[in-house]
Amino acid sequence: NDPLERIDPEIASALRAELDRQEGTLEMIASENFAPVAVMAAQGSVATNKYAEGYPARRYYGGCENIDTIEQLAIDRLRELFGAAYANVQPHSGAQANMAAYFALLEHGDTVLGLDLAHGGHLTHGMRKNFSGRDFNVVPYHVDDDGLVDLDEVGRLADEHRPRMIIAGWSAYPRQLDFEAFREIADRVGAYLMVDMAHFAGLVAAGLHPSPVPHAHVVTSTTHKTLGGPRGGIILTNDAAIAKRIDSAVFPGLQGGPLEHVIAAKAVAFRLAALPEFAERQLRTLSGARIVAERLGRADVADAGVRVLSGGTDVHLLLVSLIDAELDGRRAEDLLHRIGITVNRNSVPNDPRPPLVTSGLRIGTPALATRGFDDDAFAEVAELIASVLRRTEHDDAELDALRARVIALAARFPLYAESGVVSGS
Ligand code: PLP
């Protein structure tokens, strides 16, 4: 008597199949995670019914008293979690959080410095077809030959182009950024510093990554990557005047009614992110990424032309270059998918292959850590990935054997099971 099964068996069936997929495969897309049951309960709640344009205690609709409680809790928990003076929890997504930051701080056509998409930046950091690249004059900076963000280049480009804003943040980068150095450069040329911590927010919340909040004028993030909440965006600042501009850029600048059911789910996620269990999970996330990077850096894999970019990782993901390998990014992604490990192919700096093929893989550990993976389990998954990447020929029998090992490993860490880490939250 599940109402969804009764009313819409097609959607119910596709959702069941998606749960089976999530349970039976190993999710290593670095931007993905598993939302706890409590987060999904808030997201699937009656708060979806309510219009609440405006902000707590300043709404354009009646009947917002409970919604105000929810949104204020989300704001207060978020401020506390990251030690920020002001927070906006309304952006529908990370891209919209970034758009609001642009609109709050810049005029159309202003110059912005952002990490090149092909070097690990995000679409919203200046990709040509994105609003950021279309409406603003974006000057890209890059990583150097060691795969590290070249701060000398950032400084040089800042002096030359006098940007109005510098963006520090990334979607595919295995190291930490020096926010203090970025701020020094920004101050020198009179630019705002915006940090997009979408990927590493969970590590910051756990105290395992330097916080950008004391250094940036504005910090944006998603809530669904390492932070492990519902899909959505947030914005933080310590500056009262900037906070006002951010609020008005989000509403009425960009959005209408906030998704209060998602905001309720964000509030739950922020509560969970303040617990010791969350920090312990982020520790396993980091440890897992190091274990996979170390395994893929060994001679048997390196001999096949596979390189771990920057020689390792100090975050939740690693980047693998296949420039010198026979295997390209698409084929490697397909082979891993065939055995039940989900990763995404990714362009790497100076990639000779086209964007739909690529010469790289981005491999992340947050979702498996949420599932309960420990060092031993990460060592096994590292071995499975190594078995695929070190060969150029793959026969069906061998791939079937690897698939069986993935199924056995997945079964050891049930998702959304009674005792599972995810449902236990
Ligand atoms: N910023 C960064 C650094 C990201 O990696 C992403 C998503 O991949 C976003 C922003 C955009 O988030 P969303 O997909 O929620 O719009």
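Predicted model: local features only at pLDDT ≥ 70, side-chain atom pairs only at ≥ 80, totals over all residues.
Student: Which residues of helix α14 are buried?
Tutor: Helix α14 spans residues 329-339, and Gly329, Ala332, Glu333, Leu336 and Ile339 are buried there. Viewed down the axis of α14, these buried residues fall within an arc of 130 degrees, so they line one face of the helix.

Student: Why would residues three or four places apart point the same way?
Tutor: An α-helix has 3.6 residues a turn, so residues at that spacing point the same way.

Student: And which residues are exposed on the other side of α14?
Tutor: Asp334 and His337 are exposed on that other side.

Student: What covers the buried residues of α14?
Tutor: The cover includes the strands β13 (341-342), β14 (344-345) and β15 (360-364). It also includes the helices α16 (375-389) and α17 (396-412).

Student: Changing topic to the ligand: how many residues surround it, and which are the closest?
Tutor: The ligand is surrounded by 15 residues, and the closest are Ser93, Gly94, Ala95, Ser171 and Ala198.

Student: Which helix gives the largest share of that shell?
Tutor: Helix α5 (residues 94-105) does, with three residues.

Student: How does the shell around the ligand divide by class?
Tutor: There are 11 polar residues, three nonpolar and one charged.

Student: Which residues does UniProt list for "binding site"?
Tutor: The UniProt record, an unreviewed entry, lists Leu117, Gly121, His122 and Leu123 under that feature.

Student: Take leucine 117, then. Is it buried or exposed?
Tutor: Leucine 117 counts as buried because it has 21 C-beta neighbours inside 10 Å. Leucine 117 is found in the loop between β5 and α6. Leaving aside neighbours within four places in sequence, leucine 117 is in contact with Leu123 and Met127.

Student: Where is leucine 123 found, and why does it count as partly exposed?
Tutor: Leucine 123 is also in the loop between β5 and α6. Leucine 123 counts as partly exposed because it has 17 C-beta neighbours inside 10 Å, and the cut-off for buried is 20 or more. Its contacts, again leaving aside neighbours within four places, are Leu117 and Asn130.

Student: What about glycine 126: where is its place in the chain?
Tutor: Glycine 126 is in the loop between β5 (111-115) and α6 (131-135). Glycine 126 is buried, with 24 other C-beta atoms within 10 Å.

Student: What does glycine 126 touch?
Tutor: Not counting residues up to four places away in sequence, glycine 126 touches Val112, Gly114, Gly121, Ser132, Gly133, Val138 and Pro140. One of these, Gly121, is also listed by UniProt for "binding site".

Student: On to the largest nonpolar core. Which members touch the most other members?
Tutor: The core has 129 residues, and Ala101, Ile166, Leu193, Val292, Leu296, Ile341 and Ile385 touch the most other members. Helix α11 (residues 260-273) gives the most to this core, with 10 residues.

Student: What does isoleucine 166 touch?
Tutor: Isoleucine 166 touches Leu113, Ala158, Phe182, Ile185, Ala186, Ala191 and Leu193, not counting residues up to four places away in sequence.

Student: And histidine 215: buried or exposed?
Tutor: Histidine 215 counts as buried because 21 C-beta neighbours lie inside 10 Å. Histidine 215 lies in the loop between α9 (201-205) and β9 (218-222). Beyond residues up to four places away in sequence, histidine 215 touches Phe179, Glu180, Arg183 and Leu193.

Student: Back to backbone geometry. Which peptide bond is cis?
Tutor: The bond from phenylalanine 251 to proline 252 is cis, with omega near 10 degrees. Proline 252 lies in helix α10 (residues 240-254).

Student: What phi does arginine 162 have, and where is arginine 162 found?
Tutor: Arginine 162 has a positive phi of about 45 degrees although it is not a glycine. Arginine 162 is in the loop between α7 (151-161) and β7 (165-169), and arginine 162 is exposed, with 11 other C-beta atoms within 10 Å.

Student: What is the phi of serine 310?
Tutor: Phi of serine 310 is near 65 degrees, a positive value in a residue other than glycine. Serine 310 is in the loop between β11 (307-308) and β12 (317-321), and serine 310 is partly exposed, with 18 other C-beta atoms within 10 Å.

Definitions and conventions: Residues numbered from 1 in each chain as written. Near = placed C-beta within 6 Å. Helix = DSSP H or I, 4+ residues; strand = E, 2+ residues; numbered from the N terminus. Nonpolar A, V, L, I, M, F, W, Y, C, P; charged D, E, K, R; others polar. Buried ≥ 20, exposed ≤ 12 C-beta atoms within 10 Å, placed from the backbone. Contact = placed C-beta atoms within 7 Å. Arc of directions from axis to C-beta. UniProt positions renumbered as here; feature names shortened; annotations may be inferred. Core = buried A, V, L, I, M, F, W, Y, C linked by C-beta atoms within 7 Å.
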